[in-house]
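Subject: The two-chain model, and what turned up in it

Hello,

Here is the structure I promised to pass on. Please open it alongside this note, and then read on for what was found.

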Amino acid sequence: MKKILSSILFLSTFIAAFAQETGQAESLFRQSGKIYVVVGIIVIIFLLIVLYLVRLDRKISKLEENQK
Amino acid sequence: MKSIPNIWYKVLTVLIVCYVLAYGLLINLPSDVGNLDETIRNLFYHVPMWFGMMLILLAAWINSIMYLVRPSVKRNIYASELTNTGILMGLCGLFTGMFWAYNTWGKAWTNDPKLNGVAAGMAMYAGYWLLQKSVSDPERAARLSAVYNVFVFPLFIALIYVMPKLSQFSIHPGSGESVNFKAYNKTNNMELVFYPAVIGWTLLFVWISEIRSRFQLIKYKKNNEENTVKHIIS
């Protein structure tokens, strides 16, 4: 589980870095170059929600096993 | 690893949604989007809620039909839980849409065929939810709500998709004579984020409904065991 989560984290930072290279800073949105901070925070929040879902999923699996 | 069933689509969900969250904010926009400006990025968040809702409600509809063809607890639970998450997705789309409308059109609710159709449709699905809660016999409730769902889904699609397309005037994109997002897409790569967004968000809500369905199944089995035990004792 940890392996998958860390690889996802790694991949998401890769995506952000890749976007940084290709994105041209013409638009108002990226003028200060700090939109990446917001993206990072949104992704972190999403990953924590996913972690919560994963734990819920495993708990349910445990209940299913107990019932058998 | 064994304890999470169907892990492949869950990993896919996380990857796709991370990609959508990051790229949706970072992608270069076309310059001809009018007064939408940067809010065109909502295409990756608001619109997939509706697409996903339609897909999930379609799955619920199919499960309801399968229940009526061959009644089983599993089909009933799948249908009702998929409908519940479908309604949740619809509410996500509704509230994000109201916020976006307030900032673009100046009003949270315009008198538009698309919006009014959605209001009526959500009320119909509230009826589905109420129907399930109000019938005390579980088998009766399952059968009634399956029949109701079979009727409601085509009506819902007609209200939110077909009617706005037929209407003379609509301010909402993708209906009537109004602008279409396809008009912008040709000059840029917004499709590269939009289609994954639809897939990713839908899968996320499928995951949620899977967890809820499994929980309901456990609950059902437990109740069943208790009932049989009581029966034996008495």
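A definition to begin with: a residue is called buried when its relative accessible area is under 20%, exposed when over 50%, and partly exposed in between, using a 1.4 Å probe and the protein chains only. By that scale Arg214(B), at 9% relative accessibility, is buried.

Some housekeeping before the details. This is a predicted model, in which local features need a pLDDT of at least 70 and side-chain atom pairs count only at pLDDT 80 or more, while totals for chains, interfaces and linings use all residues. Residues are numbered from 1 along each chain as its sequence is written, chains are lettered from A and ligands numbered from 1 in the order in which they are written, and side-chain values use heavy atoms, with hydrogens and water left out.

pLDDT is the predictor's confidence in each residue, from 0 to 100. Chain B has a mean pLDDT of 88, with 92% of its residues at 70 or more. Within chain B, confidence is highest in α2(B), at 96, and lowest in helix α6 (residues 182-185), at a mean of 60. Chain A averages 74, and 54% of its residues score at least 70. In chain A, residues 20-25 have a pLDDT below 50, and this stretch has six contacts in the model beyond near neighbours in sequence; contact here means heavy atoms within 4.5 Å.

The overall build of chain B

Chain B has seven helices and zero strands. Helices (H or I, at least four residues) and strands (E, at least two) are DSSP runs, numbered from the N terminus. Of the 234 residues in chain B, 47% are buried. Among its contacts between residues at least 6 apart in sequence, 76% join residues at least 24 apart. Chain B exposes about 12,300 Å², and carbon and sulfur atoms supply 67% of that area; accessible areas come from the Shrake-Rupley method with a 1.4 Å probe, and for residues only the protein chains shown count as cover.

The nonpolar core

A nonpolar core is a set of buried Ala, Val, Leu, Ile, Met, Phe, Trp, Tyr and Cys residues joined through side-chain atoms within 4.5 Å. The largest one has 65 residues, and those with the most contacts inside it are Phe44(B), Trp201(B) and Trp207(B). Two or more residues each come from α2 of chain A and from α1 (7-26), α2 (46-69), α3 (73-104), α4 (113-134), α5 (138-166) and α7 (191-233) of chain B. Leaving aside neighbours within four places in sequence, Trp207(B) is in contact with residues of both chains: Val50(A), Leu53(A), Val54(A) and Asp57(A), and Tyr9(B), Lys10(B) and Val14(B).

Salt bridges

A salt bridge is a side-chain nitrogen of Lys or Arg within 4 Å of a carboxyl oxygen of Asp or Glu. The whole structure has eight of them over all chains. In one, Arg214(B) pairs with Glu64(A), the closest N and O atoms being 3.1 Å apart. Arg214(B) lies in helix α7 of chain B and Glu64(A) in helix α2 of chain A, so this pair joins two chains. Glu64(A) is partly exposed, at 24%. Both residues belong to a network of salt bridges that links Asp57(A), Glu64(A), Lys10(B), Glu210(B) and Arg214(B).

Which residue does Arg212(B) form a salt bridge with? The partner is Glu81(B), with the closest N and O atoms 2.6 Å apart. This pair links distant parts of the chain, with Arg212(B) in helix α7 and Glu81(B) in helix α3, 131 residues apart. Glu81(B) is buried at 4%, whereas Arg212(B) is partly exposed at 39%. Ser213(B) also lies in helix α7 and is buried, at 4%. Not counting residues up to four places away in sequence, Ser213(B) touches Ile77(B), Tyr78(B) and Glu81(B).

Another salt bridge brings together the side chains of Arg41(B) and Glu38(B), at 2.9 Å from N to O. Arg41(B) is buried, with a relative accessible area of 3%, and Glu38(B) is partly exposed, at 22%.

One for the surface

Phe99(B), in helix α3 of chain B, is exposed, at 60% relative accessibility.

Happy browsing, and best wishes
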